[in-house]
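Subject: Structure handover

Hello,

Here is the structure for you to look through. My notes on what turned up follow below it.

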Amino acid sequence: MTGTVYKSTGSWYTVKTDNGKIYECRIKGKFRIKGIKSTNPVAVGDMVDFKIEANNDQKTGVIENIHERQNYIIRKSVNLSKQTHIIASNIDVVFLLVTLNNPTTFTTFIDRFLITAEAYGIRAVLLFNKIDTYNEDELVEVKYLAALYRKVGYECIGISAKTAKNVDKVKSIMESNVSMFSGHSGVGKSTLINTIEKGFSLKTAEISNQHQQGQHTTTFAEMFDLSFDAKIIDTPGIKGFGVVDMDKEELGDYFPEFFELKSECKFNNCLHINEPKCAVKIALDNEKIAWSRYKSYLQILEGEEEHYRKNNYDED
């Protein structure tokens with residue numbers, strides 16, 4: 001039988017077939033020794049072949065094959081630095097929820113997420129949430145950030161998950177697509193999903209005052225069918241986003257504004273650091289490229305782990 005993985009708890013996978021039947025499945029041991037470096041060989045969104053187990057209820061199965069993935073979002077595993085974690089697969093559009101504060105989403109995190117989406121060919125949309133809570137100065141900063149990423153080519157929408165402001169715009173993008181919602185804990189993913197689909201009751205939690213970080217309310221990634229021809233994948237809040245498997249020479253290709261200038265550089269393998277006649281550095285000096293984006297690029301290029309909680313939005 002064939003179905004789509006709707007939920008993963010690490011050892012069991014909820015698989016739904018085209019006719020709507022649900023099965024709880026395990027994986028065959030060989031998946032763990034096939035050289036797969038991921039901590040989760042099967043991810044939410046995967047299309048899998050499984051065999052129903054001969055038991056009393058006939059509602060459990062064993063996954064025997066994973067279909068080739070159209071794409072996936074991947075990051076370094078939190079606890080096992082040499083391994084990776086596939087957050088979800090076969091995604092049409094990914095929404096990254098961004099909050100200015102409570103908790104803070106820094107540009108280094110945004111950029112790491114965006115280049116991963118670029119690398120795997122997934123449309124990315126930035127949702128600047130909680131705009132109903134910001135004062136005038138904070139709204140100016142949100143507009144600055146949105147303008148920065150719109151200039152690069154990303155769609156940016158200011159929303160309020162609580163008041164439903166611009167949620168209709170989000171729903172229109174979601175129609176006929178598999179969408180993934182991601183961001184730090186506390187940015188409002190579950191609240192937004194509850195607003196999008198009335199009747200949903202995903203857990204939400206207050207922000208921790210001590211560290212201005214969200215409390216984890218989503219433990220595992222899970223896919224949901226919605227009432228308006230759309231599917232969503234809700235994911236656990238992400239604290240860090242380690243970039244995986246990108247060669248130094250190709251990293252700049254995933255920054256659209258760098259890639260656009262690549263042909264103008266003197267050297268076709270230019271890393272945009274100290275090379276002469278580098279079109280990216282010239283554009284940077286002329287303020288046609290954002291310093292925050294260039295800083296993110298250098299950080300990833302040099303192999304630094306994410307220090308986004310120590311950074312800020314200010315330019316030099």
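Arg-69 lies over the face of Tyr-72, 5.9 Å from the ring centre. A charge sits over a ring here if NZ of Lys or CZ of Arg is within 6 Å of the ring centre and within 35 degrees of the ring normal.

A word on the source: this is a predicted model, where local features need pLDDT of at least 70, side-chain atom pairs count only at pLDDT 80 or more, and totals for chains, interfaces and linings use all residues. Residues are numbered from 1 along each chain as its sequence is written, and side-chain values use heavy atoms, with hydrogens and water left out.

**The chain overall**

The protein chain has eight helices and 15 strands. These are DSSP runs numbered from the N terminus: helices are H or I with at least four residues, strands are E with at least two. Of the 316 residues, 50% are buried. Buried means under 20% relative accessible area, exposed means over 50%, and partly exposed is in between (1.4 Å probe, protein chains only). The chain exposes about 15800 Å², and carbon and sulfur atoms supply 46% of that. Accessible areas come from the Shrake-Rupley method with a 1.4 Å probe; for residues, only the protein chains shown count as cover. Among contacts with a separation of 6 or more, 65% are between residues 24 or more positions apart. Contact means heavy atoms within 4.5 Å.

**Aromatic pairs**

There are nine aromatic pairs in the structure. Rings of Phe, Tyr and Trp (its six-membered ring) pair if their centres lie within 6.5 Å; planes under 30 degrees apart count as stacked, over 60 as edge-to-face and the rest as tilted.

One of the pairs is Tyr-23 with Phe-50, which is tilted: 5.2 Å centre to centre, with 50° between the planes. This pair links distant parts of the chain. Tyr-23 is in strand β3 (residues 22-27) and Phe-50 in strand β4 (residues 47-52), 27 residues apart. Tyr-23 counts as buried because its relative accessibility is 7%. Phe-50 is buried too, at 2%.

Trp-291 and Tyr-294 make another pair, with centres 6.0 Å apart and planes at 85°, so this one is edge-to-face. Both are in helix α8 (residues 291-301), three residues apart, so about one helical turn separates them. Trp-291 is partly exposed, at 29% relative accessibility. Tyr-294 is buried, at 5%. Ring pairs also build a cluster: Phe-255, Phe-258, Trp-291, Tyr-294 and Tyr-297.

**Helix α8**

How much of α8 is covered? Mostly: eight of its 11 residues are buried. They are Ser-292, Arg-293, Tyr-294, Ser-296, Tyr-297, Gln-299, Ile-300 and Leu-301. Their cover includes α1 (107-119), α2 (136-152), α5 (248-251), α6 (256-261) and α7 (279-285). Just after α8, Gly-303 takes a positive phi of about 80°.

**Helices α3 and α4**

Helix α3 (residues 167-174) packs against helix α4 (residues 189-196) at an angle of about 80°, with the axes 10 Å apart. Axes are lines fitted to C-alpha atoms, for helices over the stretch in contact, and angles run from 0 to 180 degrees between N-to-C directions. The two helices are therefore roughly perpendicular (65 to 115 degrees; under 35 is roughly parallel, over 145 roughly antiparallel, the rest oblique). On the α3 side, Val-167, Val-170, Lys-171 and Met-174 make the contact. On the α4 side, Leu-192, Thr-195 and Ile-196 do.

Helix α4 also holds Asn-194. Asn-194 counts as buried, at 17% relative accessibility. Its C-alpha is 8.5 Å from that of Ala-161, 33 residues away in sequence.

**Backbone points in loops**

- The peptide bond from Asn-102 to Pro-103 is cis, with omega near 0°. Pro-103 lies in the loop between β8 (93-98) and α1.
- Asn-90 is not a glycine, yet has a positive phi, near 55°. Asn-90 is in the loop between β7 (84-89) and β8, and is buried at 17%.
- Asn-166 is not a glycine either, and has a positive phi of about 65°. Asn-166 lies in the loop between β10 (155-158) and α3.

Best wishes
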